[in-house]
Every structure is written in structure tokens, then in C-alpha cells.
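Here is a short note on the chain you sent over. Please read it with the structure open.

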Amino acid sequence: MKTVQINKIELPAVGLGTWRLGDLAANHETEVAAIRAGLDQGARVIDTAEMYGEGKAERVVRDAIKGYQRDQLFIIDKVLPTNAGRDQLVKSLDQSLSNVGTDYFDLYLLHWRGTIPLSETVTTMEKMVAQGKIKAWGVSNFDVQDLEELWSLPNGTYCVANQDLYNLDERGIEYDLLPLMRQHQLPLIAYSPLAQGDQLSGKLTTDPLLQELARNHQASVYQIMLAWTLRNDNVLTIPKSSTPEHTLANWQAGEIEFSASELKALAKRFPRPDHKQPLATI
Ligand code: NAP
């Protein structure tokens, strides 16, 4: 399994996304089992947010992690931009900690930029680190200009990760954002790495090259898509799965290595951007 370092902690590069878990009460047990299937294989990272079902996804996480050693887990939560001010962030964080049933998060992200001054969010994040409620903080949906502004602020460079949309059909960040992040050793957390089960793109699962690679690797097209997001270092990928079967498949995709000629063929079929593109988000 590939690994990635975040906040100086070495982690398996396949994590567990949770958006839309908890939406249907009838699926609760299967969703809990889906997360546990990953943890039982050695997955450590769980990515959730106060936004997801307004706490419902966090509560699926709470039930899934019961009985697991907390210090083996790396739990990421996110604060909504409207809640990222000095008082509301603390309230949101306390609520999320209570929903997940833990007394700290390993990483707390600003979900996307809003109107509250970044400096206020950074100051409050640092306060939460000092109080031990979070081990580290980061950002999400940040582009080059956002990071540059962040790094110019007092304590802004304490940001330990940026979470952005990244999959075979959305390579925009490779033009300038990813190189900048590499230069600053800021890891990428790749969200929607399966293009939401190909719903975003609609052309990946039927693509002949991806199907051929899947056959060659005795894998599914989804596993190929996921492995591609991990072909370079410094990336954590966080596919969302609602079933133990999907979670296991995603975990195993962390072992797939592409040959140079396979990577070349993929780059030809899904080209890197040759100019700046607006940051893709969901
Ligand atoms: P995704 O992980 O790209 O795709 C999830 C979809 O793929 C689900 O429909 C899932 O089906 C399916 N799937 C998963 N594993 C599969 C497999 N092995 N074979 C076939 N289908 C499979 O989409 P996402 O949920 O948007 O992104 C992942 C995570 O990133 C989210 O859950 C969330 O934690 C995070 N995220 C963050 C942001 C942000 O703004 N920071 C935005 C979007 C997402 P089942 O559910 O049936 O398993």
C-alpha cells in the first residue's frame, strides 16, 4: 500500500470518504460495515464533514469506529465557511466532535472559502490546536491564489493539506496548483477520485483504454481510476463507498502500479491541461 505523510504522520494513501453516508437510516448497518471493512484491512483515514447530512455522516462514523483504537485512526472533519468565524467555528467543532464521539480530530479543514476573513479562521484553528481539539488544520477547494493569500497570513503556513477535486477527467490542478503544492510539500487530498462513480464524467467506465487496463490488472475500471490518482507521491485519495465490497476493492486498488507505457497511454487519452483552468469543485 502506498503511503502519504500528513502532519508528519505516515498514512495509507487510500482513505474512506463519507459524503451521503447516513442519508438513509435503512442503510446504516451496511454503511458501518463498509467503513469497518476498510479499517480491518488497515485503513486509517476517515474523511467527513459537518455538512454531510447535517451530522448524519458523522454519526455513521461514530458507530463505525466504536471498538477501534483511536490513535490508529486519522479522522478528518470540515467546517462550513459560514461557520468558520471565531465563535461559530468552536461551536461547530464541538458539535462535530460530539457527533463523531471523539475528543479530537486529526485534521480539521475549512470546507471552502467564504466571506469570513481567512485570518480569523486561521487564528481560531490555531487556538483549537493549542486546546488539543484538533491536531492540525487545513483547507479544501483552495486554488493557487487562495494558498498564496493563506501563506501570507500569520500562521498561514501551518496549513498541512489541501483537499481538491481530482480524477482522470478533472486534471486541471496539475497545471499550476499541484506543482506549487509539491514545491511547498503540501499534500493533496483527492476528493471524488471515482468521479462519483462516473456520474460526473459519464465516459470513464465505458472508456476502451480504461477497460483494457482493467483487464490487464485483473481489476475494475473503478480500481484503475483510483490507482491513477495515487501514481504520484504526496496524495491521499478518499473514495466513498457504501458497501464492504466496494471498500475492499478500493483498498486493493492502492496496490496497483502502472508501467511507464500505461501511464503514457492514459496521459494521451486523458491529457494534462496545457493552460490555467478554473478550479473544478462540486
Ligand atoms: P467518489 O468517491 O468519487 O465516488 C463515490 C461513488 O462511487 C459512489 O456512488 C460509490 O458507490 C461508487 N463506488 C465506490 N467504490 C466503488 C467501487 N469499487 N466500484 C464501483 N463503484 C464504487 O465520490 P465522492 O463521494 O464525491 O468523493 C469521495 C469523498 O470525498 C466524499 O465522500 C467526501 O468525503 C469527499 N468530498 C469532499 C468534497 C469537498 O468539497 N472537500 C467534495 C466532494 C467529496 P456506493 O456508495 O454504492 O459504494
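In which loop is Asn155 found? Asn155 sits in the loop between α5 and β8. Keep in mind throughout that this is a predicted model.

1. Two residues here deserve a look. Asn155 has a phi near 70 degrees, a positive value in a residue other than glycine. Most residues other than glycine have a negative phi. Asn155 is partly exposed, at a relative accessible area of 36%. Pro154 belongs to the loop between α5 (144–151) and β8 (162–165). Pro154 has a relative accessible area of 65%, so it counts as exposed.

2. **Another positive phi.** Lys8 is not a glycine, yet its phi is positive, at about 65 degrees. Its place is the loop between β1 (3–6) and β2 (9–12). Lys8 is exposed because its relative accessible area is 77%, and the cut-off for exposed is over 50%.

3. **Overall build.** The chain comes to 11 helices and 10 strands. Does its radius of gyration agree or disagree with that of a compact globule? The chain has 18 Å. A compact globule of 282 residues would have a value near 19 Å, so the two agree. Along the principal axes, the C-alpha atoms fill a box of roughly 55 × 45 × 30 Å.

4. Of the 282 residues, 54% are buried. Consider the contacts with a separation of 6 or more: 77% of them are accounted for by residues 24 or more positions apart.

5. **Surface and charge.** The accessible surface comes to about 12,600 Å². Carbon and sulfur atoms hold 47% of that surface. There are 28 positive and 36 negative side chains. How far apart do the centres of the two sets lie? The answer is 0 Å.

6. **Aromatic pairs.** The count comes to three aromatic pairs. One of them joins Phe105 and Tyr108. Their ring centres are 6.1 Å apart and their planes are at 15 degrees, so this pair is stacked. Planes under 30 degrees apart count as stacked. Phe105 has 0% relative accessibility and therefore counts as buried. Tyr108, at 0% relative accessibility, counts as buried as well.

7. **A tilted pair across the chain.** Tyr166 and Trp228 form an aromatic pair with 5.2 Å from centre to centre and 35 degrees between the planes, and this pair is tilted. The pair links distant parts of the chain, 62 residues apart. Tyr166 is in the loop between β8 and α6 (177–183). Trp228 is in helix α9 (residues 221–229). Both Tyr166 and Trp228 are buried.

8. **Helix α9.** Is α9 largely enclosed or largely open? Eight of its nine residues are buried, so the rest of the structure largely encloses α9. The buried residues are Val221, Gln223, Ile224, Met225, Leu226, Ala227, Trp228 and Thr229. Their cover includes α7 (195–198), α8 (208–216) and β10 (235–237). It also includes α10 (244–253) and α11 (260–269).

9. **Thr124.** This residue has its place in helix α4 (residues 118–130). Thr124 counts as buried because its relative accessibility is 4%, against a cut-off of under 20%. Which residues is Thr124 in contact with, leaving aside its neighbours within four places in sequence? They are Gly85, Arg86, Leu89 and Val90.

10. **Gln72.** Gln72 lies in the loop between α2 (56–65) and β5 (74–79). With a relative accessible area of 42%, Gln72 is partly exposed. The C-alpha atoms of Gln72 and Arg44 are separated by 6.3 Å. Along the chain, these two residues are 28 residues apart.

Methods: Residues numbered from 1 in each chain as written. Predicted model: local features only at pLDDT ≥ 70, side-chain atom pairs only at ≥ 80, totals over all residues. Heavy atoms only, no water. Helix = DSSP H or I, 4+ residues; strand = E, 2+ residues; numbered from the N terminus. Rg over C-alpha atoms; globule rule 2.2 N^0.38 Å. Buried < 20%, exposed > 50% of the residue type's maximum accessible area, 1.4 Å probe, protein only. Contact = heavy atoms within 4.5 Å. Areas by Shrake-Rupley, 256 points an atom, 1.4 Å probe, with all protein chains shown as cover. Lys, Arg positive; Asp, Glu negative; His and termini not counted. Charge placed at Lys NZ, Arg CZ, Asp CG, Glu CD. Phe/Tyr/Trp six-rings, centres within 6.5 Å; stacked < 30°, edge-to-face > 60°.
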